[in-house]
Amino acid sequence: MKSLASSKKYRIMLVAGARPNFMKIAPVLNELKKYPALFDPVFVHTGQHYDDRMSRVFLEELALPLPDVDLGVGSGTHAVQTSRVMTAFEKTVLKRKPELVLVVGDVNSTLACALVAAKLHIPVAHVEAGLRSNDRSMPEEINRILTDQISDILFTTCRDGDMNLKKEGIPPDKIHLVGNTMIQSLLQVQPGLEKRSIHRDLNVTKKEYILVTLHRPSNVDHEATFRSILGALRHLQTRATILFPAHPRTQKQIHAFGFGSQVENNGRFRILDALGYMDFLALQKYAGLVLTDSGGVQEETTFFGVPCLTLRENTERPVTITQGTNILVGTDPAAIIRESERVLDGRMKKGSIPRYWDDRVAGRMADVLIRFFS
Ligand code: UD1
């Protein structure tokens with residue numbers, strides 16, 4: 001066990017708000033708990049995601065404890081959601097007086113809590129710092145850039161993250177390449193994936209289906225774009241079953257645009273409710289092909305070595321392309337069909353797993369935090 005010179009215990013507030021945050025904080029929370037004499041971790045859930053399928057199931061499957069603090073902010077416009085998190089989080093911070101606030105990823109809760117802490121002169125650690133799509137029309141890109149600028153410890157998942165931060169003037173001694181905590185969570189649950197009954201429940205054969213996730217505003221909030229992606233999927237259903245677990249935003253838009261008839265659940269094209277963590281990972285691991293606009297899914301497919309086509313014009317995770325199995329195809333239906341058929345015909349890209357995407361990521365972070373406080 002490592003120790004600090006003083007006998008002081010450091011209170012670290014770990015913030016999660018939306019679905020992709022839980023797998024990023026779980027290993028860190030578990031690691032800090034190994035040092036009860038050094039760290040007093042406090043788990044804060046902002047409540048940005050509140051549906052059981054977007055939140056509770058992830059806590060359970062990652063064996064996370066119930067949050068110590070639940071801000072319960074819910075949905076709203078960006079300004080409403082961000083300001084609600086800030087107002088509620090400031091009260092919590094003033095009451096609990098943490099020595100450090102740790103935020104993860106790029107959601108509105110990430111920026112809101114980092115901003116509150118920075119203004120109260122409390123050091124901020126950002127997990128998954130330095131990722132850049134260079135597309136400021138994405139709300140997440142704004143959250144990434146601003147959070148990194150006001151963070152004191154920047155934990156990165158890959159070398160290009162380090163380079164982006166240095167280009168933006170972040171002092172190198174604040175940057176720590178530790179790896180990918182989301183992959184550490186995946187490794188923790190991986191042994192249980194074989195036992196999931198999801199393939200049987202959905203009556204699909206491993207490797208013979210295409211798994212789809214879409215929720216980016218740029219894809220699902222624009223009627224014409226969304227319609228043409230669905231057109232490409234309808235074409236592909238002649239080659240393989242399409243499984244499309246849909247985020248609440250996506251379901252709302254399917255309804256709002258009246259696309260129900262285009263995605264009728266005919267057995268070959270199935271819209272499902274958002275799935276739990278382990279069922280979704282099990283479906284990813286054994287997919288013939290994954291089509292997505294999610295950031296995390298690009299990384300998980302690279303880890304599993306499963307072919308992934310990203311339906312976006314850019315990615316903040318270029319390592320999944322240079323090293324992994326990911327290909328950026330955009331939203332042109334002809335390109336989606338052409339690249340999908342290449343994979344279905346057996347001409348897929350091979351990849352490898354980036355350095356430090358392993359089960360010691362949170363341990364490296366704890367070492368950095370111990371050095372920071374000593
Ligand atoms: C958020 C993140 C995004 C992340 C995604 C993962 C921001 C800016 N975006 O997008 O980076 O990839 O989460 O899921 O923070 N809704 C529900 N139930 C829920 C949560 C949301 O019905 O549990 C609905 C909301 O009412 C809203 C829509 O989904 O209409 C969008 O939710 P919101 O939290 O604004 O952002 P996401 O699209 O989920």
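Predicted model: local features only at pLDDT ≥ 70, side-chain atom pairs only at ≥ 80, totals over all residues.
Biologist: Which residues of H10 are buried, and what puts them on the same side of the helix?

Modeller: The buried ones are Phe226, Ile229, Leu230, Ala232, Leu233 and Leu236. Around the axis they cover an arc of only 155°, and that puts them on the same side of H10.

Biologist: Which residues have the most contacts inside the largest nonpolar core, and why do you say that this core lies between domain 1 and domain 2?

Modeller: That core has 65 residues, and Ile12, Phe39, Leu102, Phe155 and Tyr277 have the most contacts inside it. Domain 1 (10–180 + 357–373) and domain 2 (195–344) both contribute residues, so the core lies between them. There's also a second, separate core of 28 residues, with Val212, Ala232, Ile254 and Leu309 among them.

Biologist: What does Ile12 touch, not counting residues up to four places away in sequence?

Modeller: Its partners are Leu32, Phe39, Asp40, Pro41, Val42, Leu100, Leu102, Leu369 and Phe373.

Biologist: Why is Ala125 called buried?

Modeller: Buried means under 20% relative accessible area. Ala125 comes in at 0%, so it counts as buried. Ala125 sits in strand S5, residues 124–127. Neighbours within four places in sequence aside, Ala125 contacts Leu100, Val101, Leu102, Val103, Ile153 and Phe155. Leu14 is 111 residues from Ala125 along the chain, with 9.4 Å between their C-alpha atoms.

Biologist: And what makes Gly363 buried or exposed?

Modeller: Gly363 has 18% relative accessibility. The cut-off for buried is under 20%, so Gly363 counts as buried. Gly363 belongs to helix H16, residues 361–373. His222 is 141 residues from Gly363 in sequence, and their C-alpha atoms are 42 Å apart.

Biologist: How many disulfides does a search of the whole structure find, and how do you know that Cys158 is in none?

Modeller: The search finds zero. For Cys158, the nearest cysteine sulfur is that of Cys308, 16 Å away. A disulfide needs the sulfur atoms within 2.5 Å, so Cys158 is in no disulfide.

Notes. Residues numbered from 1 in each chain as written. Heavy atoms only, no water. Buried < 20%, exposed > 50% of the residue type's maximum accessible area, 1.4 Å probe, protein only. Helix = DSSP H or I, 4+ residues; strand = E, 2+ residues; numbered from the N terminus. Arc of directions from axis to C-beta. Core = buried A, V, L, I, M, F, W, Y, C linked by side-chain atoms within 4.5 Å. Domains from an automatic or database assignment. Contact = heavy atoms within 4.5 Å.
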